[in-house]
Amino acid sequence: MQAFMDAIVKPIAGPGLELRRVPVPEPKAGEVLIKIHKTAICGTDVHIYNWDPWAAEHIKHPPMTIGHEYVGEIAKLGDGVTGLHVGQRVSGEGHITCHHCRNCHTGNIQWCKDTVSVGVDRDGAFAEYVCIPATNVIMIDESLDEDVVAFFDAFGNATHTALMFPLVGEDVLITGAGPIGIIAAGICKFAGARRVIITDINDDRLVLAKKMNVDAAVNTMREDLREVMKQQNIVEGFDVGLEMSGSEIAFKQMISCMRNGGKISLLGIGNKPFTLNMNDIIGKGLMLQGIYGRKMDNWHQMSYMVQGGLDLSPVITHRFHYTEFEKGFAAMNSGKSGKVILDWTTKK
Ligand SMILES: NC(=O)c1ccc[n+]([C@@H]2O[C@H](COP(=O)([O-])OP(=O)(O)OC[C@H]3O[C@@H](n4cnc5c(N)ncnc54)[C@H](O)[C@@H]3O)[C@@H](O)[C@H]2O)c1
Ligand SMILES: [Zn+2]
Ligand SMILES: [Zn+2]
């Protein structure tokens, strides 16, 4: 095997990324080396590219390879790894957890107290190869389209959030039509919601959301959400809310439009603290659930939803060779993109 590989690296603490030659990692005992086929750019990668306050706080040891949304094949097994084989198609859970805390013991790895993130705390997948613990490897059926599997990590956030509460026959409000909100809209329709209404303040994002067959895609800067609710025959308010914008304005609007006793899953991460009137939540008897990462079972649900007919291909707006990663990040920064896929299957 080659000793060096191409990798997209954060070279120093500051804006930008660089394509560099770095050593191919060697899988330690219990680890697996994965040859990357396709990767997808996540909002987190954009934070790291732009070097905003979040990135400055979390990327502690540049130079490092970034990226955590990928699909590929097993290239090498470290000592002691069983049940997997070279050539097998795989993706990987990006949160490496401790296996010993109370949440890990109950299978709730999404709440592990000692999570290490691939592409943030250790070298990531925007490279020809990535190394992860065997316990994080996710087997991927050959029937699944690799461009879609490339963003299963983000699909997992959407699945975790959308399927937190029952959806059959429910009216759902999604605030934020970023890639994750749009994917969540597709899941809600697929899972049997009655009405799925998504909001944003960016028309390009709402155009994309319409491709997932939402009942309404509402620009709340221009349109009155309550009027749309009337048109959609939503009388008492939304039964389920999925907050996927991180916006205080959107969250307050969601609270005001929920039915009494409604349930809200919170995924969006705000860039500043919110000020809320708690009485609005208490008086309505709302249930709020914070969502972090994915449950391991979400990976199974994702494969099965796609095999059952959930089509996520409309979410992909751009495809580039990995050497053109700058174009991919420009597309993400433009606010006009859905998912951006980078191809690692050919050399240029
Ligand atoms: N909790 C987790 O584990 C986790 C994991 C991944 C992403 N996230 C967060 O989930 C959110 C969604 O991720 P994404 O990649 O789709 O993000 P994104 O930034 O691409 O999408 C957010 C969308 O919200 C829209 N928005 C802003 N203000 C709004 C308002 N007032 N009303 C309605 N929409 C508004 C933006 O225009 C944008 O389209 C982000 O906040 C992200 O940080 C959380
Ligand atoms: Zn991601
Ligand atoms: Zn743990």
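A residue is taken as buried if 20 or more other C-beta atoms lie within 10 Å of its own, as exposed if 12 or fewer do, and as partly exposed in between, with C-beta atoms placed from the backbone. The model is predicted, and for this reason local features need pLDDT of at least 70 and side-chain atom pairs count only at pLDDT 80 or more, whereas totals for chains, interfaces and linings use all residues. Residues are numbered from 1 along each chain as its sequence is written, and chains are lettered from A and ligands numbered from 1 in the order in which they are written.

In helix α1, which spans residues 43–50, the buried residues are T44, D45, I48 and Y49; helices (H or I, at least four residues) and strands (E, at least two) are DSSP runs, numbered from the N terminus. Seen down the axis of α1, these residues fall within an arc of 140°, so they line one face of the helix, the arc being that of the directions from the helix axis to the C-beta atoms. The buried residues of α1 pack against β1 (4–10), α2 (53–58) and α12 (325–333), where contact between two residues requires C-beta atoms, placed from the backbone, within 7 Å. The helix is followed by W51, whose phi is positive, near 55°.

The domain assignment of the protein chain gives domain 1 (4–151 + 312–343) and domain 2 (158–290), with bounds that come from an automatic or database domain assignment. The centres of the two domains, taken over C-alpha atoms, are separated by 29 Å, and their contact takes seven residues from domain 1 and nine residues from domain 2. On the side of domain 1 that touches domain 2, three residues are nonpolar, two polar and two charged; here Ala, Val, Leu, Ile, Met, Phe, Trp, Tyr, Cys and Pro count as nonpolar, Asp, Glu, Lys and Arg as charged, and the others, Gly among them, as polar.

The largest nonpolar core holds 96 residues, of which V172, I183, A184, A185 and A209 touch the most other members; such a core is a set of buried Ala, Val, Leu, Ile, Met, Phe, Trp, Tyr and Cys residues joined through C-beta atoms within 7 Å. The largest share of this core, eight residues, comes from α6, and the core draws at least three residues from each of domain 1 and domain 2. Residues up to four places away in sequence aside, A185 touches I174, V196, I198, A209, M212 and V214.

In helix α7 (residues 203–210), the buried residues are R205, L206, L208 and A209, and they cover an arc of only 160° around the axis, which puts them on the same side of α7. What covers them includes α6, β12 and β13 (216–219). In the loop between α7 and β13 lies N213, whose phi is positive, near 60°, and which counts as partly exposed, with 13 C-beta neighbours inside 10 Å.

Around ligand 1 there are 27 residues, the closest being G176, G178, S245, G246 and A250; a residue is near a molecule if its C-beta atom, placed from the backbone, lies within 6 Å of it. Two or more residues of this shell come from each of α6 (179–190), β12 (195–200) and α9 (248–257), and α6 gives the most, with three residues. The shell divides into 11 nonpolar, 14 polar and two charged residues.
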